[in-house]
Amino acid sequence: MDELLKLYMDCEFVKNEESMKHLREVRPRLAALVLPILKELENKGWKPRVQQGLRSLAAQRRAVDLGNSQTMKSKHLIGAAVDVTSELGWDHSAANLGFQ
């Protein structure tokens with residue numbers, strides 16, 4: 001993972017400790033897929049952050065109870081999913097489904 005991160009050291013999202021913590025918790029193959037996507041989002045003016053990665057059963061239960069997830073069989077439980085948000089909030093252009 002750290003070797004892969006060297007390719008993205010010029011990106012702002014790499015400087016966000018919480019995002020990097022979450023990426024280190026998920027499967028390495030997923031992290032390798034997510035990093036270029038984060039870079040592309042950043043290149044388009046978004047300020048991406050990895051909000052969550054691996055979740056405990058208790059955290060998943062809370063997500064379901066709050067309506068943030070619909071299942072207790074989430075891929076977050078096995079480190080195979082991440083939630084990407086924007087530092088700018090959801091009113092930013094990334095909230096627009098037509099965002100390119």
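Which residue just after α3 takes a positive phi? Select G45: its phi is about 100 degrees.

Before going on, note that this is a predicted model, where local features need pLDDT of at least 70, side-chain atom pairs count only at pLDDT 80 or more, and totals for chains, interfaces and linings use all residues. Residues are numbered from 1 along each chain as its sequence is written, and side-chain values use heavy atoms, with hydrogens and water left out.

**Helix α3**

Select residues 28-43, helix α3. Helices here are DSSP runs (H or I, at least four residues), strands likewise (E, at least two), numbered from the N terminus. The 16 residues should span 22 Å at 1.5 Å a residue; the expected span is 1.5 Å times one less than the number of residues. The end C-alpha atoms are 23 Å apart, which agrees.

Now colour L30, A31, V34, L35, L38 and L41, the buried residues of α3. Buried means under 20% relative accessible area, with a 1.4 Å probe and protein chains only. Show their surroundings: they pack against α1 (2-5), α2, β1 (48-52) and β2 (83-86).

**H22**

Move to H22, in helix α2 (residues 17-25). H22 is buried, at 9% relative accessible area. Leaving aside residues up to four places away in sequence, H22 touches V50, Q51, Q52 and G53, a contact being heavy atoms within 4.5 Å. Pick the C-alpha atoms of H22 and Q52: they are 5.9 Å apart, across 30 residues of chain. Finally, show the H22 side chain, which reaches the backbone oxygen of Q51 at 3.1 Å.

Methods
Buried means under 20% relative accessible area, exposed over 50%, partly exposed in between (1.4 Å probe, protein chains only). A polar contact is a pair of N or O atoms within 3.5 Å; within protein, one must be able to donate a hydrogen and the other to accept it, and residues adjacent in sequence count only if both atoms are side-chain atoms.
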